[in-house]
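Work through the following exercises with the sequence and the coordinates open beside you. Each task is followed by a solution that goes step by step.

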Amino acid sequence: MAGLRQSRRRSGSCSRIVTRARCSALVTDATVSSRASAAFDAKRAAVASALAYFHDQGWIGDPAAVLHGLDREHQPRPDDTRVRSRERIDRLIADKRRPLEDRTLWAMLYSTAARAEEVLRLNVEDLDRANRRARTIRKGGKADELLYDIRTARMLGQLLGRRTRGPIFLSARIVPDDGTAPVRDVDPASRRRRMTYRTAERHLGAATDGWNLHDLRHSRLTHAGEDGATEADLMNLSGHEDRRTLQRYLKPSKEGTQRRLDGIEAQRGTWTPSADELADRMTTR
């Protein structure tokens, strides 16, 4: 729309500088670019109003023809398959055919239930290894600490060795010492650059059947909820500040529900006799 307003300011009349097709193309470009925005409906209404005005001026034909195909695309419901089983995650992290760098990242993403950006920005100096915590900046700029498990702590020890500073997770790319890369994003000893989100996502996808980094966060929160973690615990773990946002992760899997029900039955120490068992009891009396 900004482009349309600018064109009109320069010429005073859309019809003097563009054809009807060009008017339609400008409107289409302005609208399609906003499909991913939460304000799509409002922007589409604004475009419809502009088209009605252009039609009244005789600059374009039927506005409905221009708007055709610009309806909001279907937004799928959250996909439950993003919750990966504990067994598959454990096998992935334990798979020594994969680089230690990647496996440690996957272990930390899962144990901390953090966003990938919050983990990839970590430096060695951010670790409190005695207490298994890591200082990071959450979404929105809030400083916080990530909590990680013993398995991740052991893998971090193997990965870091004697390194005391620089990015924790590194790519294979060697950066020349010419000041072109930010100092914070380069390991001072090896000159390897900090691993990017795109690289981390590609490595995980190649090692699985198309998982993405967020799947590990989603899975961890769901598994912790299945194990009885309170809502406050989960918010503390994940960094969520809105309970409504957290709810999308708290839908237990079928396996989790069955495991919990089996545990309840085991604690009760009772069982429901089968039809055959009941028949046997009747005949022995």
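**Exercise 1.** In which loop is Arg191 found?

*Solution.* Some ground rules come first. This is a predicted model, in which local features need pLDDT of at least 70 and side-chain atom pairs count only at pLDDT 80 or more, while totals for chains, interfaces and linings use all residues. Residues are numbered from 1 along each chain as its sequence is written, and side-chain values use heavy atoms, with hydrogens and water left out.

Step 1: Arg191 is found in the loop between E4 and E5, where helices (H or I, at least four residues) and strands (E, at least two) are DSSP runs numbered from the N terminus.
Step 2: the backbone of Arg191 has a positive phi of about 65 degrees, although the residue is not a glycine. Most residues other than glycine have a negative phi.
Step 3: Arg191 is partly exposed, with a relative accessible area of 25%; on this scale buried means under 20% relative accessible area, exposed over 50%, and partly exposed in between (1.4 Å probe, protein chains only).
Step 4: a second example is Arg132, a residue other than glycine whose phi is positive, near 55 degrees. Arg132 belongs to the loop between E1 and strand E2 (133-137) and, at 32% relative accessibility, counts as partly exposed.

**Exercise 2.** Describe the chain as a whole before turning to its details.

*Solution.* Step 1: the secondary structure comes to 15 helices and 5 strands.
Step 2: of the 285 residues in the chain, 35% are buried.
Step 3: among contacts (heavy atoms within 4.5 Å) with a separation of 6 or more, 55% are accounted for by residues 24 or more positions apart.

**Exercise 3.** How many salt bridges does a search of the whole structure find, and which parts of the chain does the pair Asp126 and Arg184 tie together?

*Solution.* Step 1: the search finds 20 salt bridges, each being a side-chain nitrogen of Lys or Arg within 4 Å of a carboxyl oxygen of Asp or Glu. Side chains of opposite charge can pair when their charged atoms come close.
Step 2: Asp126 and Arg184 meet in one of them, at 3.9 Å from N to O. Because Asp126 lies in the loop between helix H8 (116-120) and strand E1 (127-128), and Arg184 in the loop between strand E4 (170-174) and strand E5 (192-194), the pair ties together parts that are 58 residues apart in sequence. Asp126 is buried at 15% relative accessible area, whereas Arg184 is partly exposed at 46%.
Step 3: Asp187 and Arg163 also form a salt bridge, at 3.8 Å from N to O. Asp187 lies in the loop between E4 and E5 and Arg163 in the loop between helix H9 (150-160) and E4, so this pair ties together parts that are 24 residues apart in sequence. Both Asp187 and Arg163 are buried.
Step 4: salt bridges that share partners join Arg115, Glu118, Arg138 and Asp144 into one network.
Step 5: the side chains of Arg97 and Asp95 meet at 3.0 Å, N to O, in a further salt bridge; here Arg97 is exposed, with a relative accessible area of 72%, while Asp95, at 15%, counts as buried.

**Exercise 4.** Which residues touch the most other members of the largest nonpolar core, and which helix gives the most to this core?

*Solution.* Step 1: a nonpolar core is a set of buried Ala, Val, Leu, Ile, Met, Phe, Trp, Tyr and Cys residues joined through side-chain atoms within 4.5 Å. In soluble globular proteins, nonpolar side chains tend to be buried together.
Step 2: the largest core has 32 residues, of which Leu105, Met108, Val119, Leu127, Ile168, Phe169 and Leu216 touch the most other members.
Step 3: the elements that give two or more residues to this core are helix H6 (86-94), helix H7 (100-112), H8, H9, helix H10 (197-207) and helix H11 (213-226). H7 gives the most, with 6 residues.
Step 4: if neighbours within four places in sequence are left aside, the contacts of Ile168 include Leu122, Val124, Leu127, Leu156 and Arg163.
Step 5: a second, separate core has 8 residues, among them Leu221, Ala224, Leu246 and Tyr249.
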